[in-house]
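Thank you for sending this structure for comment. The points below are written for someone who has not seen it before, and they concern the ligand and its surroundings.

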Amino acid sequence: MIRPILIHPDPRLKKLCEPVAEITPEIERLAADMLETMYDAPGIGLAAPQVGVTKRLLVMDCIKEGTPEPMALVNPEVIWASEDLSVYEEGCLSIPDQYADVKRPAEVQVRWMDLKGQMQERQFAGIWATCVQHEIDHLDGKLFIDYLGPLKRQMITRKMEKLKRERAREV
Ligand code: K1U
Ligand code: ZN
């Protein structure tokens, strides 16, 4: 099922999300719905708060062409970050049509629980590293615009408020 994606500003996008205690059918359904919603958008990642669920779950697939590599990460943690930084022009499905350069560690080691309840660890680089950090930020109530200066952030927030007013008038 495709779930509606929350648009910034929304208090649910600013919350520190709760850890997932155990893998239940509800969590499995949520992960499946989030992947469907992400591919439909389309996007390369999606975090649970973006669909209004303030739990520590994210999905991603940064393969643009070829065999898809869907991933679901429960309670993900960055356990190591490279000193090397990289800049990527980020977007966000909760901030449509707005892009900005964000500087982050170029590589990260992440630990998480998979949907079978098994702990996993993997080093991410390139777009995968950027995406997993962007999604973990969502779980901590942080958006990519929080890395920008106050004027640019305010300008984008005002555009999103206008977009939400227009969308509300359409229904
Ligand atoms: O979290 C999100 O809002 C999803 C976001 C993830 C992301 C994008 C860029 C850098 C870091 C994290 C998106 O997927 S925005 C859409 C997007 O990047 C994309 C869409 C279609 C094809 C390729 C990329
Ligand atoms: Zn985002």
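**Notes on the ligand site**

1. Helix H2 provides the largest share of the shell around ligand 1, namely 5 residues. This should be read with the caution that the model is a predicted one. Besides helix H2, which spans 126-139, strand E4 (85-92) also supplies at least two residues of that shell.

2. There are 16 residues around ligand 1, and those that come nearest are Ile44, Gly45, Gln50, Leu93 and Glu135. Sorted by class, the shell consists of 6 nonpolar, 7 polar and 3 charged residues.

3. Several polar atoms of the protein face oxygen atoms of the ligand. A backbone N or O atom of Ile44 is placed 2.7 Å from an oxygen atom of ligand 1, and a polar backbone atom of Leu93 likewise lies 2.7 Å from an oxygen atom of ligand 1. For Gln50 a polar side-chain atom is involved, at 2.9 Å from an oxygen atom of the ligand. On its own, ligand 1 has 530 Å² of accessible area, of which the protein covers 82%.

4. The site of ligand 1 is the largest pocket, whose volume is about 570 Å³. This pocket is lined by 26 residues, and Pro42, Gly43, Gly91, Cys92 and Leu93 are the closest to its centre.

5. The lining of the largest pocket draws at least two residues each from strand E4, strand E5 (95-105) and helix H2, with H2 giving the most, 6 residues. In terms of class, that lining is made up of 13 nonpolar, 7 polar and 6 charged residues.

Notes
Residues numbered from 1 in each chain as written. Chains lettered and ligands numbered in written order. Predicted model: local features only at pLDDT ≥ 70, side-chain atom pairs only at ≥ 80, totals over all residues. Heavy atoms only, no water. Near = heavy atom within 4 Å. Polar contact = N/O pair within 3.5 Å; in protein donor to acceptor, adjacent residues only side chain to side chain. Areas by Shrake-Rupley, 256 points an atom, 1.4 Å probe, with all protein chains shown as cover. 1 Å grid on protein atoms, 1.4 Å probe; cavity = no way out; pocket = protein on both sides within 12 Å on 5 of 7 lines; lining within 4 Å. Sits in = over half its atoms within 2 Å of the grid points. Helix = DSSP H or I, 4+ residues; strand = E, 2+ residues; numbered from the N terminus. Nonpolar A, V, L, I, M, F, W, Y, C, P; charged D, E, K, R; others polar. Points joined across faces, edges and corners; volume = space filled by probe spheres on them.
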